[in-house]
Amino acid sequence: MTRSPILAALLLLVAACKGPAPDEGVALSPQAAKGKALFSTLCASCHAPATKLVGPPLSEMAALYATDPAGIVRWAVTPGRKRADVPPMPSFRGVRESDLADVAQYIIEAGTAAGKQAP
């Protein structure tokens, strides 16, 4: 069976475009390490390390909530609408607050690292 050269080229392109993880080279705390997997599942489709996708980048959230990770949890449970140009964030009310706290810690640690890497 021969593989499609277009498929092979597409796979190479995707691999080449994938940037470094926001926490690459950063020693995450145990709590942030637990939050990383949930972030990848629940948040990464809308939030990137240092660029705006649908929602703000991790670097921006880390700067806003550096001393208030519980603020990220509160926002995730009962989000409002801060920006008219993007759809509102869905509520993560069904996720345990302890899991959201892990995600919040990951956002702060990975976002701080991403902010340091940004040009």
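Is Lys52 buried, partly exposed or exposed? In this predicted model, in which residues are numbered from 1 along each chain as its sequence is written, Lys52 is partly exposed, with a relative accessible area of 42%, where buried means under 20% relative accessible area, exposed over 50% and partly exposed in between (1.4 Å probe, protein chains only). Because the model is predicted, local features need pLDDT of at least 70 and side-chain atom pairs count only at pLDDT 80 or more, while totals for chains, interfaces and linings use all residues; side-chain values use heavy atoms, with hydrogens and water left out.

The protein contains five helices and zero strands, and its elements run α-α-α-α-α from the N terminus on; helices (H or I, at least four residues) and strands (E, at least two) are DSSP runs, numbered from the N terminus. Of its 119 residues, 32% count as buried. Among contacts between residues at least 6 apart in sequence, 58% join residues at least 24 apart, contact being defined as heavy atoms within 4.5 Å.

Packing between two of the helices was examined first. The axes of helix H2 (residues 30-42) and helix H5 (residues 97-117) come within 7 Å and cross at roughly 100°, which makes H2 roughly perpendicular to H5. Here the axes are lines fitted to C-alpha atoms, for helices over the stretch in contact, and angles run from 0 to 180 degrees between N-to-C directions; angles under 35 degrees count as roughly parallel, over 145 as roughly antiparallel, 65 to 115 as roughly perpendicular and the rest as oblique. On the H2 side the residues that meet H5 are Gln31, Ala32, Lys34, Gly35, Lys36, Leu38 and Phe39, and on the H5 side they are Asp99, Ala101, Asp102, Val103, Gln105, Tyr106, Ile107 and Glu109. By class, this contact of H2 with H5 has seven nonpolar, three polar and five charged residues, with Ala, Val, Leu, Ile, Met, Phe, Trp, Tyr, Cys and Pro counted as nonpolar, Asp, Glu, Lys and Arg as charged, and the others, Gly among them, as polar.

Val103, which has its place in helix H5, is buried, with a relative accessible area of 4%. Not counting residues up to four places away in sequence, Val103 touches Gly35, Leu38, Phe39 and Cys43. Val103 and Ser40 are 63 residues apart in sequence, and their C-alpha atoms are 9.4 Å apart in space.

Ile107 is in contact with Phe39, Leu58, Met61, Ala62, Ile72 and Thr112, leaving aside its neighbours within four places in sequence. In H4 the buried residues are Gly71, Ile72, Val73, Ala76 and Val77, and these buried residues of H4 pack against H3 and H5.

Ser59, found in helix H3, is buried as well, with a relative accessible area of 19%. Leaving aside its neighbours within four places in sequence, Ser59 is in contact with Pro49, Ala50, Gly111, Ala114 and Gly115.

Charged pairs were considered next. With a salt bridge taken as a side-chain nitrogen of Lys or Arg within 4 Å of a carboxyl oxygen of Asp or Glu, the count comes to five salt bridges. One of them joins the side chains of Lys52 and Asp85 (3.4 Å, N to O), and this pair links distant parts of the chain, with Lys52 in the loop between H2 and H3 and Asp85 in the loop between H4 and H5, 33 residues apart. Whereas Lys52 is partly exposed, Asp85 is exposed, with a relative accessible area of 59%.

The side chains of Glu60 and Arg83 also meet in a salt bridge (2.3 Å, N to O); Glu60 lies in helix H3 and Arg83 in the loop between H4 and H5, so the pair ties together parts that are 23 residues apart in sequence. Glu60 is partly exposed at a relative accessible area of 28%, and Arg83 is partly exposed, with a value of 28%. Arg74 forms a salt bridge with Asp68, the closest N and O atoms being 2.8 Å apart; Arg74 is partly exposed, with a relative accessible area of 48%, and Asp68 counts as partly exposed at 28%.
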